[in-house]
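Me: I'd like to talk through the charged side-chain pairs of a protein with you. Could you show me the sequence and the structure?

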Amino acid sequence: MDSEQHITAINPLAGPLDGSIRVPGDKSISHRAVLFSAMAEGTSRISGLLDSGDVRSSIHAVQLLGAHVNLEKQVDGSLAGGITGWGMRGPIQPDCEIDCGNSGTTVRLLMGLIAPWDITACLTGDASLCRRPMRRIVAPLMKMGVHFDPLGCETLPITEHGSRALHAITYESPMASAQLKTAVLLAGLGAHGVTTVNEPAPSRNHTELMLPEYGATTTAGYRTASVHGPCVLQAKEVNVPGDPSSAAFLVCAALLKSGSSLQIEDVSLNTARIGFVRTLERMGADISVQRTGIAGKEPYGIISVRYSDELRGCEVPAEKLASVIDEVPVLSLVAAHAKGVTVFRHVNELKIKESNRLAAIIEGLDQLGIQAWIDGDDLYIEGRPDCAQPSDLVFDAHNDHRLAMTWSLVGLCGSSSVHIIGFESVAISYPTFLETIRGLTA
Ligand code: S3P
């Protein structure tokens, strides 16, 4: 346990969750809004930006690279204002290392953004980020002509030497990763010709949807995306819809707390992101979505959910895993309360998120008396709807925001309080989570 980690008591909610609510801005779209606006010529206007640890890492990074950021906190907790980018001039040589904190999206996208410019950047992060694999980004960028120190580097800190003479490539990605895809496409914006990324399964497509809004020529299809370079992005107005990955915790809370009924408004309904809704539908949950608008090319609307005590296990196939990747921990908790076995296929990526989420899910469910195991690359959970909650539970969030929120639902929706080590990590994606969920009870 890190010395600065605290133990937080999470007490049961006073009653069922009830009402309509908005969640903070989508984290993936917020990162891209910050980075693409920093790359663009002119001043982009942004509203609804998520104010969280991870997005602050992206803001800090683009400031060190020469973008002018003028964002202010709004009454709803979001950030809004302008970002003036470097456009044709390119980023400046940073005069210190760029610390990306806990944010994998910041550092991996940044590697692509820096690639086509004559600058050298030393990239680092916190202890968790410095354990995560970077080879997946370094390898395709090296093929394009970028140099990295040390040679053969696998993890941060890494020094990247950009180059104005990048080659456009077609890259067969070994994994479905939007971070990898985006890094290569951003580098491709500075190369002459068409840069293409083909994936084994579809990953989230915010980059392909947002880059044309900033004036880039892109083509996108099932498991493939391309950009035409060279291209300088142009400033844009961006409204960030609510984050479905944050909404998932409220939705799952409503499914775990008897008598609950919730609507989450203005939340992104991008199909690559609402795999958890489809999964919960297949588990028999009373859940529906209603589209109410479009922000740029990103659809948004309402997710409605009602408690039901009739959930059953289901299978999440490998090709759908990317659409639920950040929701597997909280879906696993719901699966523990469903009748029968739930299987998530090909879950290896979970080992290399902010923590080893696979081990943490099994460890946490074991404390609840739930059998969960790995067979091959698949995660199995044997649900027990009538399993009594043990008392005096202490969960370790392993400094991982999504684990902190998942295990907090045991205390919030269960029969007795739980303690969480490192609950403060929720600040990475959803700083107001606890006040919000408590405010939804009568
Ligand atoms: C993200 C992509 C996913 C996801 C992460 C955010 C993004 O990671 O887990 O939280 O914004 O591109 P991978 O690309 O590693 O799958």
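Reply: Buried means under 20% relative accessible area and exposed over 50%, with partly exposed in between (1.4 Å probe, protein chains only). This is a predicted model, where local features need pLDDT of at least 70, side-chain atom pairs count only at pLDDT 80 or more, and totals for chains, interfaces and linings use all residues. Residues are numbered from 1 along each chain as its sequence is written, and side-chain values use heavy atoms, leaving out hydrogens and water.

Me: Which residue forms a salt bridge with Asp 26?

Reply: A salt bridge here is a side-chain nitrogen of Lys or Arg within 4 Å of a carboxyl oxygen of Asp or Glu. For Asp 26, the closest N and O atoms of the pair are 2.8 Å apart. Both Asp 26 and its partner are buried, and that partner is Arg 273.

Me: Is Asp 51 buried or exposed?

Reply: Asp 51 meets Arg 56 in a salt bridge, 2.7 Å from N to O. Arg 56 is partly exposed, at 46% relative accessible area. The relative accessibility of Asp 51 is 13%, so Asp 51 counts as buried.

Me: What is the N to O distance between Asp 400 and Arg 357?

Reply: Asp 400 is buried, with a relative accessible area of 0%. Arg 357 is buried too, and its relative accessible area is 0%. Their side chains meet in a salt bridge, and the N to O distance is 2.8 Å.

Me: How many salt bridges are there by this rule?

Reply: Asp 26 with Arg 273 is one of them, and Asp 51 with Arg 56 is another. The count by this rule is 21.
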